[in-house]
2 protein chains.
Amino acid sequence: MAFTPTQEFFIEMAQIAAQQSLPYFRTALVVDNKQAQGFDPVTQADRDTENALRNFIRTRRPQDGIIGEEWGSEGENQEHVWVIDPIDGTRAYVAGLPSWGTLVGLMQQSRAVAGMMAQPYTGDLFFANQEGSFFTRLDAKGASTKRQKLSVSQTTDLAQASLFTTTPSLFEAKQFPNFARLRHNVRQARFGGDCYAFAMLAAGFIDLVIEIDLQSYDIVALVPIIEQAGGIVTCLDGSRPEAGGNIIAAATPQLYEQALQYNLTV
Amino acid sequence: MAFTPTQEFFIEMAQIAAQQSLPYFRTALVVDNKQAQGFDPVTQADRDTENALRNFIRTRRPQDGIIGEEWGSEGENQEHVWVIDPIDGTRAYVAGLPSWGTLVGLMQQSRAVAGMMAQPYTGDLFFANQEGSFFTRLDAKGASTKRQKLSVSQTTDLAQASLFTTTPSLFEAKQFPNFARLRHNVRQARFGGDCYAFAMLAAGFIDLVIEIDLQSYDIVALVPIIEQAGGIVTCLDGSRPEAGGNIIAAATPQLYEQALQYNLTV
């Protein structure tokens, strides 16, 4: 029996995640724990946020499975499986930049059907369910603005496209000569952005995103947000993206085909 | 006669800038003007924001000069000269990412002595005056949180340092082999961040920032924020950074010296 989370369900999860992730964000501004903090991307916030989300899901959807970055898998053969990345963009988080986000996706029979990207410092909430792909903004009390339907850009010409990627190794021309050719043939290539880049592709502000070596929990939540907004997201070999790997997302079929002609094998 | 802007002066400027820059941010979410918008980084927001800031400065400090990205220079030989980048990170702005900021710096006899970086979507305001370097956060009505004093990290070992840069060309190993060597010898290198990277260096979350081909208005506002927080910022040849160029900012003298040993000439 198909299940789809409501907007209220997503907002509840976004609030739960914010309660756990925000207290640790930029803590060195008030507590001088820089040395102790180090660069371990698995912060306390990561663990606490996933734990709280798992407890919420277990209570509300006890029959479903859960896969998370921090706390592993349970019930992964159930019809519905939730996939959690509590803090996607841990390096941005550690650096104090507000480009990280909490990702929660829902798979039905291994296919991503719903998901959210929540950024608690800005209050941005992108989500998709069977009604479509949407944006709303939450204030500190959880009140939300009127939701706006997301749709991808109409860009069809690679020379007019904006391309985002986060992965530093993609800039090594020696390693990825075909990526170097691609990025010189788009209108602009930009770097960083983390999960925001995929969300902004769904919102129509970015035309193409390519990321290497993603995990399942890095992408499942974003797939429905992109697809319900009219975009395409697959692995570079054209297969479904739910298992992670090397991922391409494009606003239009034309851009997708043009980019794949660069033979971006790694 | 030396002049230093108060916190209230910075907050007024941040509010004026927000009124002009926010209405155009992510407008394609509500108005489908993606085709008309294109990628021209000189958005209407850029021009309106600088114009409003110039009017404010002219009213409050009529004796001072002003240099801006959009509307040129006036009175640039005055003792005090304001330097404005209305939207630093226009590409992030166009992409809908909240990593852009409004920069306003103050030079006295060509030396940067005060400045602010304001990000109106998050409400973040970083500023420096003769009292030090500070962070506060503004809400939509301009109310601010208790200010926090900024101080750089204590990192002295390059192998423990985090390095940020935005400029894509720095990743071309062929063009910048010494940069490639440097970035493989730090703890982590990350890309993007725009003016936030310098602000977060001042706040102690990032240890090293290197940017190529900056204009004066890209850096003057950030110099006092970094210096008053205990950091170092110069051109790669060791000269003062107020005129722009190739810029290095470091949390400690030890990191600064170690990075310069890589002979990062361009």
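Mentor: We will take the terms one at a time, starting with the whole chain.

Trainee: How do you know how far to trust this model?

Mentor: It is a predicted model. Its scores are ipTM 0.90 and pTM 0.92. For chain A the mean pLDDT is 90, and 90% of the residues reach 70 or more.

Trainee: Where does pLDDT stay under 50 in chain A?

Mentor: Over residues 29-35. The model has 16 contacts there beyond four places in sequence. pLDDT is the predictor's confidence on a scale from 0 to 100, so read that stretch with care.

Trainee: What secondary structure does chain A have?

Mentor: Nine helices and 13 strands.

Trainee: How much of chain A is buried?

Mentor: The cut-off is under 20% relative accessible area. Of the 266 residues, 62% count as buried. The accessible surface comes to about 10,100 Å². Carbon and sulfur atoms hold 47% of that surface.

Trainee: What share of the contacts in chain A joins residues 24 or more positions apart?

Mentor: 60%, among contacts with a separation of 6 or more.

Trainee: How many charged side chains does chain A have?

Mentor: There are 20 positive and 29 negative ones. The centres of the two sets lie 5 Å apart.

Trainee: Why is helix 6 of chain A called largely enclosed?

Mentor: Count its residues. The helix covers residues 195-202, and eight of the eight are buried, so the rest of the structure largely encloses it. Tyr196(A), Phe198(A) and Met200(A) are among them. After the helix comes Gly204(A), with a positive phi near 95 degrees.

Trainee: Why is Asp213(A) called exposed?

Mentor: Exposed means over 50%. Asp213(A) has 60% relative accessibility, so it counts as exposed. Asp213(A) lies in strand 11 of chain A, residues 208-214.

Trainee: What is the phi of Asp213(A)?

Mentor: Near 60 degrees, a positive value in a residue other than glycine. Now take chain B. Asp213(B) has a positive phi of about 60 degrees and is not a glycine either. Asp213(B) sits in strand 11 of chain B. At 60% relative accessibility, Asp213(B) counts as exposed.

Trainee: Which residues does Gly75(B) contact beyond four places in sequence?

Mentor: Gly65(B) and Val81(B). Gly65(B) is ten residues away in sequence, yet its C-alpha is 4.0 Å from that of Gly75(B).

Trainee: How do you know which class Gly230(B) belongs to?

Mentor: Use the cut-offs again. Its relative accessibility is 45%, so Gly230(B) counts as partly exposed. Gly230(B) is in the loop between helix 8 and strand 12 of chain B. Not counting residues up to four places away in sequence, Gly230(B) touches Val152(B) and Ala251(B).

Terms used
Residues numbered from 1 in each chain as written. Chains lettered and ligands numbered in written order. Predicted model: local features only at pLDDT ≥ 70, side-chain atom pairs only at ≥ 80, totals over all residues. Heavy atoms only, no water. Helix = DSSP H or I, 4+ residues; strand = E, 2+ residues; numbered from the N terminus. Buried < 20%, exposed > 50% of the residue type's maximum accessible area, 1.4 Å probe, protein only. Contact = heavy atoms within 4.5 Å. Areas by Shrake-Rupley, 256 points an atom, 1.4 Å probe, with all protein chains shown as cover. Lys, Arg positive; Asp, Glu negative; His and termini not counted. Charge placed at Lys NZ, Arg CZ, Asp CG, Glu CD.
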